[in-house]
Each structure stands twice: as structure tokens, then as C-alpha cells.
Amino acid sequence: MIVERHTRELVSLVLGSRVSTQSGHITQLCVHPRYRRHGLARLLLSIAATCFFRQGLTEISLTVTEANVNAIELYRAEGYDCTHTFDAAVWERGS
């Protein structure tokens, strides 16, 4: 998690999960629109990878929508390859 020093506003965060004895999955990577294009997502990806590798994991996965072109460019630049595409279901709950 990265917080703006003066306002304490949440700027960005990464969440990950160990999904098997060798695999970690980045479940969420978010950067507030005002703080994008400053290297925060790249930094958080690196921190997540370091944490996974220190646990002895050898694989890291993540998912991204096809419309998120900027994220796809970042992931490719960071060495991630698309190995599988799939349709996803969207679940909603009314009030």
C-alpha cells in the first residue's frame, strides 16, 4: 500500500495470494488516477514478486481485462506473458 504523505490518502495498493506450493497470484493492483504514470504500479509489482520469491514460489500470475491497454503494456514490459484468455462472469447484487 502506498499512502500520500501529507493527506494520508490511499494512492495505490497491491494484493496477492499464494495459490499453490509454487504459485502466487496478484489479485489486485490499483493506482489512483491522479498518481498514474509515476512508476507506482511497477514498484508494487516488483515488491509483490520479491515477496512471492522470498516464500520460495517460482511462478506469479495475474489477470487483466483486454481493455486495460496501459496495464497490459506494463505487464509485458515487466516480463509477464499472456498464457490464457477466458470469458469472465460479472456478478452484481442490488440493494
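How many residues does helix 1 have, and how far does it reach from its first C-alpha to its last? Helix 1 covers residues 40–54, which makes 15 residues, and it reaches 21 Å. That is close to the 21 Å expected at 1.5 Å a residue. Keep in mind as you look around that this is a predicted model.

**Helix 1 and what covers it**

- Several residues of helix 1 are buried: Leu40, Ala41, Leu44, Leu45, Ala48, Ala49 and Phe52.
- Strands take part in covering the buried residues of helix 1, including strand 1 (2–3), strand 2 (10–18), strand 3 (23–31) and strand 4 (59–62).
- Helix 2 (69–77) is also among the elements that cover these buried residues.

**After the helix**

- Glycine 56 follows helix 1, and its phi is positive, near 90°.

- As background, most residues other than glycine have a negative phi.
- Arginine 8 has a positive phi, near 65°, and is not a glycine.
- You will find arginine 8 in the loop between strand 1 and strand 2.
- Arginine 8 counts as exposed because its relative accessibility is 60%, and the cut-off for exposed is over 50%.
- Arginine 37 also is not a glycine, and its phi is positive at about 70°.
- Look for arginine 37 in the loop between strand 3 and helix 1.
- With a relative accessible area of 70%, arginine 37 is exposed.

Note on methods: Residues numbered from 1 in each chain as written. Predicted model: local features only at pLDDT ≥ 70, side-chain atom pairs only at ≥ 80, totals over all residues. Heavy atoms only, no water. Helix = DSSP H or I, 4+ residues; strand = E, 2+ residues; numbered from the N terminus. Expected span 1.5 Å × (residues − 1). Buried < 20%, exposed > 50% of the residue type's maximum accessible area, 1.4 Å probe, protein only. Contact = heavy atoms within 4.5 Å.
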